[in-house]
Amino acid sequence: MEAKEYLEQLVANARVAQAEFETYPQEKIDAACRAVCKAVYDNAEMLAHMAVDETRMGRYDSKIAKCRNKSKTVWLGMKGKKSRGIIDWDEDTQIAKVAKPIGVIGSVTPTTNPVITVMHNSACAMKCGNAIIICPHPRAKGVGVKTVELMNAELEKLGMPKNLIQIIPEPTMQLSAGLMSAVDLCICTGGPSMVKAAYSSGKPAIGVGQGNVQVMIDRDVDLKEVVEMVITGRTFDNGVLCTCEQNMIVPKEKRAEAIEYAKEAGAYVIDDEKDAEILRETMFPNGALNKNIVGASPAAIGKMAGLPVPEDARVILCRTKGVAYDDVLAKEKLCPVLALFDYDKWEDAVEIARANLNMEGAGHSCVIHSNNKEHIEYVPTRVNVSRYGVNQVGGTGLGGAMDNGLNPTTTLGCGTWGGNSISENIYYHNLMNVSRISYKIKNKKFPTDEEIWAD
């Protein structure tokens with residue numbers, strides 16, 4: 001069967017399932033959403049091991065934590081929320097908002113998050129009465145198929161329509177591109193070229209920009225505690241998440257202290273320019289990221305570079321020779337390597353972050369460790385990102401967590417700065433059409449023309 005015909009059959013199957021599913025009451029739709037999230041929660045260990053073994057990226061413990069925590073937060077965030085029928089009424093404007101499904105959602109998922117992206121996008125699509133078709137990364141197709149099988153088994157127990165969630169078991173670039181133009185809307189979680197293809201598909205698309213999380217550390221914080229937080233974020237799942245901390249920017253007079261705290265926390269520190277250059281050449285041969293280091297351990301990266309990184313090192317902390325284009329280590333690294341920058345004034349720290357992000361990662365995220373409200377609120381005046389995490393771990397927090405108010409997601413919009421249509425954490429409300437019932441406002445008093453134009 002040719003790709004076009006195959007995709008047309010998948011979409012036809014999805015439309016039959018979606019037509020029935022959208023007639024269900026909120027309670028039945030919510031039961032389906034809960035079931036797909038719980039399927040990942042209950043099978044976290046198996047799916048995490050499958051993901052690491054197949055993709056050869058990341059860590060078992062981190063992926064288990066991701067499966068459990070993200071499934072919980074995704075379900076909790078939508079639990080009890082209306083997403084069908086009239087979802088809002090504004091007495092002042094006399095406007096009622098009515099949620100409508102989009103239809104068939106496509107989802108191109110990445111090798112870095114092959115389980116929770118499938119779960120998140122499926123639950124969000126279904127919350128709004130949609131069907132979904134998944135196209136996994138070829139390097140993660142096995143665990144993607146298993147995830148969908150587990151979710152569909154739970155949906156079958158509830159008597160849900162068949163083909164509500166479908167997956168392409170043998171994905172190709174042709175099928176991925178074809179899916180984008182065959183569905184009603186596509187969520188594309190992947191590299192810049194994949195996102196560009198989604199936006200060029202001729203159909204509505206939600207894409208994401210590249211991450212490069214900058215961490216600005218103020219003088220008024222507990223430096224030891226903050227360095228541990230930064231390393232925790234940088235090393236989660238061996239740094240494959242776009243939310244993981246990339247570059248640590250510290251006060252110049254506290255640089256040596258920060259290095260010592262990093263060593264205490266398990267860092268292998270490179271503060272020699274010769275070794276730093278070896279690391280640069282290993283990680284970014286000819287300026288492009290070495291794919292072999294993505295999701296690798298510090299020790300494995302050390303072996304590739306010929307550097308004596310011990311097996312138990314948590315992270316590699318490396319000096320830099322300049323900002324943005326002056327040092328490739330200022331880029332997104334997708335592995336447990338943390339670049340170190342220092343500053344004189346807070347404004348300088350912000351400018352370092354701004355320059356690095358303008359080079360790579362514009363619109364995504366940054367982390368601010370400070371207790372100075374004026375300093376915190378100065379950052380958004382200079383740095384254009386869609387989320388500023390304050391005094392928290394970026395790696396596990398910027399995608400939404402129990403202890404912050406960000407939408408729980410695996411797809412982080414970066415606004416027009418990052419070439420995206422959305423500048424928030426993608427969630428179920430982004431996968432619905434909203435109609436408005438407008439009633440005439442009775443006894444509305446109109447201002448005179450003079451009053452309208454008055455100063």
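Which residues of helix H7 (residues 173–182) are buried? They are Leu175, Ser176, Gly178, Leu179 and Met180. Buried means under 20% relative accessible area, exposed means over 50%, and partly exposed lies in between (1.4 Å probe, protein chains only). Helices (H or I, at least four residues) and strands (E, at least two) are DSSP runs, numbered from the N terminus. The cover over the buried residues of H7 includes helix H1 (3–21) and helix H8 (192–199). It also includes strands E3 (104–108), E4 (131–135) and E6 (185–188).

The model is predicted, so local features need pLDDT of at least 70, side-chain atom pairs count only at pLDDT 80 or more, and totals for chains, interfaces and linings use all residues. Residues are numbered from 1 along each chain as its sequence is written, and side-chain values use heavy atoms, with hydrogens and water left out.

The nonpolar cores come next. In soluble globular proteins, nonpolar side chains tend to be buried together. A nonpolar core is a set of buried Ala, Val, Leu, Ile, Met, Phe, Trp, Tyr and Cys residues joined through side-chain atoms within 4.5 Å. The largest such core holds 75 residues. Met78, Met126, Ile133 and Leu155 touch the most other members. Helix H2 (residues 26–42) gives the most to this core, with eight residues. Contact means heavy atoms within 4.5 Å. Leaving out residues up to four places away in sequence, Met126 touches Phe21, Ile29, Ala32, Cys33, Val36, Leu155, Leu164 and Ile165. A second, separate core has 38 residues. Among them are Ile301, Leu307, Ala313 and Ile352.

Empty space was then searched. Rolling a probe the size of a water molecule over the atoms shows where empty space is left. On a 1 Å grid over the protein atoms alone, a cavity is a set of points where a 1.4 Å probe fits but cannot get out. A pocket is an open set with protein on both sides within 12 Å along at least five of seven lines. Lining residues have an atom within 4 Å of a point. Grid points are joined across faces, edges and corners, and a volume is the space filled by probe spheres set on the points.

The count comes to one cavity of 30 Å³ or more. The largest cavity holds about 60 Å³ of space. Its lining is formed by Leu47, Ala48, Ala51, Lys63, Lys66, Cys67, Asn113, Pro114, Val115 and Ile116. Helix H3 (44–55) and helix H4 (60–78) are the elements that give two or more residues to this lining. Ala, Val, Leu, Ile, Met, Phe, Trp, Tyr, Cys and Pro count as nonpolar, Asp, Glu, Lys and Arg as charged, and the others, Gly among them, as polar. By this grouping, the cavity lining has seven nonpolar, one polar and two charged residues. Asn113 sits in the loop between E3 and helix H5 (116–127). Asn113 is buried, at 10% relative accessible area. Apart from neighbours within four places in sequence, Asn113 is in contact with Lys66 and Leu241.

The second largest pocket has a volume of about 230 Å³. It is lined by 13 residues. Asn152, Lys162, Asn163, Leu164 and Ile165 lie nearest its centre. Helix H6 (141–157) and strand E5 (165–167) each supply at least two lining residues. H6 gives the largest share, five residues. The pocket lining divides into eight nonpolar, three polar and two charged residues.

Charged pairs complete the picture. Side chains of opposite charge can pair when their charged atoms come close. A salt bridge is a side-chain nitrogen of Lys or Arg within 4 Å of a carboxyl oxygen of Asp or Glu. The whole structure has 26 salt bridges. In one of them, Lys4 pairs with Glu8, with the closest N and O atoms 2.6 Å apart. Both lie in helix H1, four residues apart, about one turn of the helix. Lys4 is exposed at 59%, and Glu8 is partly exposed at 44% relative accessible area.

Arg15 and Asp184 also meet in a salt bridge (3.0 Å, N to O). Arg15 lies in helix H1 and Asp184 in the loop between H7 and E6, so the pair ties together parts 169 residues apart in sequence. Arg15 is partly exposed at 35%, and Asp184 is partly exposed at 22%.
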